[in-house]
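Dear colleague,

I am passing on a structure that I have been reading through, and I would be glad if you looked at it alongside the notes below.

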Amino acid sequence: MTQTGSVRRITVLAAFLVALIASLLTPGRAAAASLQEVTGFGTNPGALKMFRYVPDGLPAGRPVVVVLHGCTQNAAGYGGGSGWLQLADRWGFSVVLPQQQSANNATSCFNWFQSGDTARGQGEAASIAQMTDRQLADVSGDPARVYVTGLSAGGAMTAVMMAAYPERFAAGGVVAGLPYGCAQAAGSPYVCMYVGATQSPQQWGDRVRAARPGYAGPWPTLAVVHGTADYTVRPVNMTDLTEQWTDVHGADGTADVSDTVAGYPHQVFRDPAGRAVVETYSVTGMGHGQPVDPGSGAEQCGTAGAYALDVNLCAAYRLGRGWGLG
């Protein structure tokens with residue numbers, strides 16, 4: 001190497017180091033946001049843990065999304081793998097991530113089938129409601145734009161929160177989950193998961209209405225995502241969720257829109273006023289898990305892994321867009 005080349009290389013390296021040091025010393029430079037555990041968020045009758053994710057510099061008045069993991073999962077793994085934390089940074093909202101404890105359930109499932117954990121003011125449902133209130137207060141979130149979603153047992157608990165605390169949530173997204181009151185209707189959580197419960201749309205709706213006596217609405221809207229090859233929570237549960245929440249909203253059982261999204265069947269059900277109140281995504285050939293679509297594209301999110309299935313559709317993106325988050 002010539003002397004001139006050596007000098008040029010040293011000059012470029014020095015300039016790079018100066019720029020790097022300057023960036024590190026710039027006043028107000030924030031570290032990347034990370035998951036934070038929150039304690040003392042209420043009486044916590046369900047003995048759950050609370051985690052949250054707040055993007056750096058998030059302004060007041062932004063939406064809040066409550067994200068509920070599935071069995072054998074935890075808050076951090078599901079929040080990251082599903083794509084919700086990625087979208088929080090992209091679109092600007094905060095995330096509440098309740099976490100089950102093994103003392104409550106040996107496989108870390110939320111207890112969606114226990115009446116003491118699914119009734120308003122009791123157990124795990126009350127703990128999640130307290131977390132939501134704490135988050136709204138801490139980040140000055142928009143109480144009119146609070147959403148809840150989850151996978152499997154977390155999806156079933158999503159339906160619980162929509163039924164027991166309908167005034168807190170604008171919408172819910174159930175991924176491979178079950179309708180509210182399914183274990184009681186079927187006589188067993190396993191019958192509900194593997195076979196389904198025999199209920200009419202009105203009977204399903206009555207279970208929701210009984211969860212919040214005297215409540216006249218508005219009720220949260222619902223989006224459901226389910227794989228057609230799911231043998232852990234059978235796809236009949238998506239049908240039952242659709243019947244339950246169309247009845248709650250006074251909509252008929254006939255889809256007003258039937259098309260495809262990313263090649264998968266998609267339906268929209270509207271109430272008598274023409275408002276979309278239930279939306280379904282039937283992911284052909286997918287087993288039990290959260291649909292993800294890893295990559296850097298505008299519609300991509302999530303990371304493939306256990307119960308996070310790369311099917312070229314990111315459920316979190318579809319739910320978030322439907323809720324007007326991005």
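In this predicted model, strand β9 (residues 264-270) and strand β10 (residues 276-283) pair in the antiparallel sense over five bridges, where strands are DSSP runs of E with at least two residues, helices are runs of H or I with at least four, both numbered from the N terminus, and two strands pair if DSSP finds at least two bridges between them. Across this pairing, Gln267 has Thr280 in β10 as its bridge partner. Helix α10 (residues 236-248) packs on the sheet and touches β6 (171-175), β7 (221-227), β9 and β10, contact being heavy atoms within 4.5 Å. The direction of α10 makes about 175° with that of β10 (axes are lines fitted to C-alpha atoms, for helices over the stretch in contact, and angles run from 0 to 180 degrees between N-to-C directions).

The open sheet as a whole has ten strands in the order β1-β2-β4-β3-β5-β6-β7-β10-β9-β8, with mixed pairing. Because β1 (36-38) and β8 (257-261) stand at the edges with a single partner strand each, one side of each is left without a neighbour in the sheet.

Helix α6 (residues 153-164) is mostly covered, for twelve of its twelve residues are buried, meaning under 20% relative accessible area with a 1.4 Å probe, protein chains only.

Residues are numbered from 1 along each chain as its sequence is written, and side-chain values use heavy atoms, leaving out hydrogens and water. Local features need pLDDT of at least 70 and side-chain atom pairs count only at pLDDT 80 or more, whereas totals for chains, interfaces and linings use all residues.

With best wishes

Conventions. Buried means under 20% relative accessible area, exposed over 50%, partly exposed in between (1.4 Å probe, protein chains only).
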